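Please look through the sequence and the structure shown here before reading the notes that follow. They are grouped by topic, so that each group can be checked against the picture in turn.

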Amino acid sequence: MNGNIKNILNKKNKSKLVCLTAYSKNIASILDNHCDIILVGDSLGSVLYNYKSTKEVTLDTMINHSKSVRLGVKKSLMVVDMPFNTYRNPKEALKNAKLVIKKTKCDAVKLEGGKKIISIVKKLVKNKIPVMGHLGILPQTDKKFTFKGKKSLERNRILKEAKLLEAAGIFSIVLECIEIKLSKVITNKLTIPTIGIGSSANCDGQVLVIDDLIGLSESKFRFVKKYVNMSKIINIAVKKYKFEVLKKKFPNSKHSFKN
Ligand code: KIV
């Protein structure tokens, strides 16, 4: 088993897991000093490309961004999202997951879904591909992005699917926008770590989209916390640069070459 995955499993009930998304090298290399897991999420579709849905993200796009992220990740576990329609059956999933791992050298892939993807997860795990699961809101297929687990039928289904995924061999699971008590139940029932986004502190770890955390993108979701306003900081720097260029203060002799 990959050493990093072992470490992540060992943290269950001991220490919270820190996870963030990254889409490129420079950000990834900063996050690498702080994270257990760096996820190249297909959220890049909306965050970077303004796509209406992650359905539009292609395998090539994920591979290209992941190659860049790989250059910045030395310590954390690097997980790559398999995009929509790239894992419709076990054979297709294996072919594409192998391609992603070969091209990006990532440590694991993440798949969205429950009962429908059990045979797919089993196939990947049998072929020694580490898989992270994802339940709750499933951005690749859900039409409405509403909190999950309000009604008992839905709660039972999600809990059952989490257990099925664990039995199929996933090493951890993202819980997206799952009701507080249900997150606790799932986290207590599973032996693998749960990683929450909008699913309360009851999860074993947390994940956020880095652009939201640093204020580069505007998230509409209440569960997102902006820790810094990078847009504002970049604005100040660029304004200063513009001023100095216009006033011929930049470049000065220090920033120029002489024979
Ligand atoms: O695509 C993504 O970034 C994700 C995280 C939000 C969990 O799946």
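Glutamate 179 counts as partly exposed, because its relative accessible area is 24%, which falls between the limits of 20% for buried and 50% for exposed. The model is a predicted one, and the points below begin with the salt bridges, one of which involves glutamate 179.

**Salt bridges**

- Glutamate 179 forms a salt bridge with arginine 155, and the closest N and O atoms of the two are 2.8 Å apart.
- This pair links distant parts of the chain, since arginine 155 belongs to helix α7 (residues 152-168) while glutamate 179 sits in the loop between β6 and α8 (180-189), 24 residues apart.
- Arginine 155, with a relative accessibility of 22%, also counts as partly exposed.
- Across the whole structure, a search finds nine salt bridges.
- Another of them joins the side chains of aspartate 204 and lysine 12, at 2.8 Å from N to O.
- Aspartate 204 lies in the loop between β7 and β8 (205-208) and lysine 12 in the loop between α1 (3-10) and β1 (17-21), so this pair ties together parts that are 192 residues apart in sequence.
- Both aspartate 204 and lysine 12 are buried.
- The side chains of lysine 226 and glutamate 218 meet in a salt bridge as well, at 3.1 Å from N to O; lysine 226 is partly exposed at 39% relative accessibility, whereas glutamate 218 is exposed at 66%.

- Strands β5 (residues 131-136) and β6 (residues 172-176) pair in the parallel sense over five bridges, and methionine 132 has serine 172 in β6 as its bridge partner.
- Strand β6 is also joined to β7 by four bridges, the two running parallel, with leucine 175 partnered by glycine 196 in β7.
- Strand β7 (residues 194-197) is covered on both faces, for Thr194 and Gly196 on one side and Ile195 and Ile197 on the other are all buried.

**Threonine 104 in helix α5**

- Threonine 104, which is placed in helix α5 (residues 90-104), is buried, with a relative accessible area of 1%.
- A polar atom of the side chain of threonine 104 lies 2.7 Å from the backbone oxygen of valine 100, and this side chain also reaches the backbone nitrogen of cysteine 106 at 3.2 Å.

Notes:
Residues are numbered from 1 along each chain as its sequence is written. This is a predicted model: local features need pLDDT of at least 70, side-chain atom pairs count only at pLDDT 80 or more; totals for chains, interfaces and linings use all residues. Side-chain values use heavy atoms; hydrogens and water are left out. Two strands pair if DSSP finds at least two bridges between them. Buried means under 20% relative accessible area, exposed over 50%, partly exposed in between (1.4 Å probe, protein chains only). A polar contact is a pair of N or O atoms within 3.5 Å; within protein, one must be able to donate a hydrogen and the other to accept it, and residues adjacent in sequence count only if both atoms are side-chain atoms. A salt bridge is a side-chain nitrogen of Lys or Arg within 4 Å of a carboxyl oxygen of Asp or Glu.
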